[in-house]
Amino acid sequence: MSTDLVALVRRRPDVHAIADGLIAMGEPLELRGGEPDSTRLHDGEGRLLVSIEDAVQVSVQGEIGRLLGAEFAARVMTPVWWVDVRAVADVPEALRVARTFADSLVHWLGGMVYPEGAADAPARSWKATGQGGPGTEGGTAGGAGGGFPGPAGDPGGAAYQGGVIGG
């Protein structure tokens, strides 16, 4: 089973640009796929690590609460772009790469990652095969305009410091 992360970001994400950035910063990854298929990140040996689904805009606050829980949804301001990031379970490095990717989306676009900083998220979706699947603490950088708390442990909800986030 995979480990699923959800990045809820303030602006429409360019998944390939974020993945290219990780590669440029030294992550030994290979980018494959993309529209209409999921985007996939493979390691240097060709093993699937992460599958990233196309972003979907969510405009209804209740949908976030229904899918991720009312407590989490109360800290998210709609509209947001929902990005599923799935790490395969049978490759030890996959969860780290998935978390790094999701956190990078949030860093550059503002938003939150669900679950927040969880080391062992529950397995919930697809099982990896040799051909791929369908389709740090942190992840809580705030977005300008409110609705997103600051770094983990910061109850004050510090504003996103990486740049201006506009809607």
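Is Asp103 buried or exposed in this predicted model? Asp103 is buried, with a relative accessible area of 14%. That value counts as buried because the cut-off is under 20%. The partner of Asp103 is Arg99, and the two form a salt bridge with their closest N and O atoms 3.8 Å apart. Arg99 counts as buried as well, at 5% relative accessibility. Both residues sit in helix α4, four residues apart, so about one helical turn separates them. An α-helix has 3.6 residues a turn, so residues three or four places apart point the same way.

The overall fold comes next. The protein has 167 residues, of which 46% count as buried. Its secondary structure comprises four helices and seven strands. Along the sequence these elements follow the pattern β-α-β-β-β-β-α-α-β-α-β. The accessible surface comes to about 8,200 Å². Carbon and sulfur atoms account for 54% of that surface.

Helix α4 has 16 residues, which should span 22 Å at 1.5 Å a residue. The end C-alpha atoms of α4 are 22 Å apart, so the two values agree. The buried residues of α4 include Ala94, Val97, Phe101, Leu105 and Leu109. Val106 also lies in this helix and counts as buried, at 1% relative accessibility. Val106 and Val9 are 97 residues apart in sequence, yet their C-alpha atoms are 6.0 Å apart in space. Just after α4, Gly110 takes a positive phi of about 75°.

In soluble globular proteins, nonpolar side chains tend to be buried together. Here, the largest nonpolar core has 28 residues. Those with the most contacts inside this core are Leu41, Val50, Ile52, Val85, Phe101 and Leu105. The elements that give two or more residues to the core are β1 (3-9), α1 (15-24), β4 (48-52), β6 (80-87) and α4 (94-109). Helix α4 gives the most, with eight residues. Leaving aside residues up to four places away in sequence, Val85 touches Thr3, Asp4, Leu5, Val50, Ser51, Ile52, Ala98, Phe101 and Ala102. A second, separate core has 11 residues, among them Ile64, Phe72, Ala73 and Val80.

The whole structure contains one aromatic pair. Phe72 and Tyr114 form this pair in an edge-to-face arrangement, 5.0 Å from centre to centre and with 75° between the planes. The pair links distant parts of the chain, with Phe72 in helix α3 (residues 70-73) and Tyr114 in strand β7 (residues 111-114). The two residues are 42 residues apart. Phe72 counts as buried at 5% relative accessibility, whereas Tyr114 is partly exposed at 22%.

Side chains of opposite charge can pair when their charged atoms come close. The structure holds 11 salt bridges. One of them joins Glu116 to Arg75, with the closest N and O atoms 2.5 Å apart. Glu116 lies in the segment after β7 and Arg75 in the loop between α3 and β6, so this pair ties together parts that are 41 residues apart in sequence. Glu116 is partly exposed, with a relative accessible area of 32%. Arg75 counts as partly exposed too, at 28%. A further salt bridge joins the side chains of Glu93 and Arg96, at 2.3 Å from N to O. Glu93 is partly exposed, with a relative accessible area of 36%. Arg96 is likewise partly exposed, at 36%. Asp4, Glu53, Asp84 and Arg86 are linked in a network of salt bridges.

Key: Residues numbered from 1 in each chain as written. Predicted model: local features only at pLDDT ≥ 70, side-chain atom pairs only at ≥ 80, totals over all residues. Heavy atoms only, no water. Core = buried A, V, L, I, M, F, W, Y, C linked by side-chain atoms within 4.5 Å. Buried < 20%, exposed > 50% of the residue type's maximum accessible area, 1.4 Å probe, protein only. Contact = heavy atoms within 4.5 Å. Phe/Tyr/Trp six-rings, centres within 6.5 Å; stacked < 30°, edge-to-face > 60°. Areas by Shrake-Rupley, 256 points an atom, 1.4 Å probe, with all protein chains shown as cover. Expected span 1.5 Å × (residues − 1). Salt bridge = Lys/Arg side-chain N within 4 Å of Asp/Glu carboxyl O.
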